[in-house]
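Let's walk through this structure together, one region at a time. Keep the viewer open as you read.

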Amino acid sequence: MPVRSLALHAGYQCAHSGACCRTPWDVPVEARAHQVMAAGLASGQVRPATDPFRRGPDLPAGVVAILRRGADGACTFLDADRLCAVHRGLGASALPATCRIFPRIALTDGRGTSITLSHYCPTAARLLLRTDLPLAIMDAPPAFPPADYEGLDATEAWPPTLRPGVLMGLDGHAAWEHHAVAVLAQAPSAVSALATLRRSVAQLMSWQPGGASLVEAIAACAVTDELPSASPAFTTPQPPARAWAQARYVAALATVPDALRDVSDDLPGDEGWRLAGEGWPRVDHGARAYVAAHAFANWTAYQGDGLRVWLASVAAPLGVLAVTAARHCHLANRPLDDDLFVEAIRQADLLLRHRASREALVAGWTAGSDAPNETGPV
Ligand code: SF4
């Protein structure tokens, strides 16, 4: 099965930050992994500090336990040197699927497997700031050899739709994905890229079968727009408008189950927004890469119904990122810089990729207002 990823992600390698293993989320242990890990514990090949498995009557099908965590929230298999005792003692193949696959997020369809990353992983988040690699899709990325990456299996699904009732076909979907990444690569800012994509979607809504192919129609969409000199958002990169960003953040937050709510989810104040705006121009290329990482291998293309829903699914990450950036600037009391940006990216993906209900997100994007003729986000 061919594999594709963004070139930025193609060299991803776990740097053992330990961030994912210290996050107090539930890691399910499947029967196969449980058997191997239990054998490793019995033989002494693996030595956790405490009983590592939490069992219960309410586990999902196929799951025999949840990894227990210490008082600090860390998995009991995590060594003091931030290495995993299971990985070290038994190899990566012994790990539960969640551990083996994180931070990879895969979409498999008739074209092969497309892999993007969860940037809650700080190593993945920092890749978005690389300027020595093109923002482009590449085949056979070295970091992701052919394998079963699980994720969304759309091999039996209909291709994504352009609008309700009109299929794009896999070639149309692939052309759109390339167009979106090209727009994000070449636009002068993340905000202008989103505006260009919004115009592309509006242009394609009138496409009808029987004339030019959809691939040709996508090729006719502008990759960059003429710069309206009156708009500073197009000439000097700026974060998206505060009200626009907060609306997307609040909508995403509303889908988070109560058990995963956090007091730190409050909206940032004026000073946070001022500091984020001050530093945004130097990290805007990272924001474009972040949106591209949501545009590529995008599950909503299959789970939603049409490019308008897809558009809302790539607008949301930019809005959420602007809010988390303002919050981190406020907490650190300094303008947005690379380190704050990485933390903001991590929190944005923690919300969108891990805490939010995926079903509710797609439902909200379907009912939402990111219609292609909307003026925002500038
Ligand atoms: S089993 Fe290993 S990789 Fe998985 S959460 Fe625990 S320490 Fe991390």
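Predicted model: local features only at pLDDT ≥ 70, side-chain atom pairs only at ≥ 80, totals over all residues.

We can begin with the ligand. Which residues are around the ligand? The shell consists of Cys 21, Leu 67, Cys 75, Phe 77, Leu 78, Cys 84, Leu 95 and Cys 99. The space that the ligand takes up is the second largest pocket.

Next, have a look at the backbone. Between Phe 102 and Pro 103 the peptide bond is cis, and its omega is near 5°. You will find Pro 103 in the loop that links α4 (97–101) to β5 (104–109).

Now for the helices. Two packed helices are described by the angle between their axes and by the distance between those axes. Take α6 (residues 169–186) and α11 (residues 270–295): they pack at about 175°, and their axes are 9 Å apart. Because an angle over 145 degrees counts as roughly antiparallel, α6 is roughly antiparallel to α11. On the α6 side, the contact is formed by Glu 177, Ala 180, Leu 184, Ala 185 and Gln 186, while α11 contributes Arg 288, Val 291, Ala 292 and Ala 295. By class, the residues of this contact are six nonpolar, one polar and two charged.

The other pair is α7 (residues 190–204) with α13 (residues 307–332), packed at an angle of about 175° with axes 10 Å apart. That angle makes α7 roughly antiparallel to α13. From α7, the residues Ala 190, Val 191, Leu 194, Leu 197, Arg 198, Val 201 and Leu 204 take part. They meet Leu 307, Arg 308, Trp 310, Leu 311, Val 314, Ala 315 and Leu 318 of α13.

How values were computed: Residues numbered from 1 in each chain as written. Heavy atoms only, no water. Axes fitted to C-alpha atoms, helices over the stretch in contact; angles between N-to-C directions. Helix = DSSP H or I, 4+ residues; strand = E, 2+ residues; numbered from the N terminus. Parallel < 35°, antiparallel > 145°, perpendicular 65-115°, else oblique. Contact = heavy atoms within 4.5 Å. Nonpolar A, V, L, I, M, F, W, Y, C, P; charged D, E, K, R; others polar. Near = heavy atom within 4 Å. 1 Å grid on protein atoms, 1.4 Å probe; cavity = no way out; pocket = protein on both sides within 12 Å on 5 of 7 lines; lining within 4 Å. Sits in = over half its atoms within 2 Å of the grid points.
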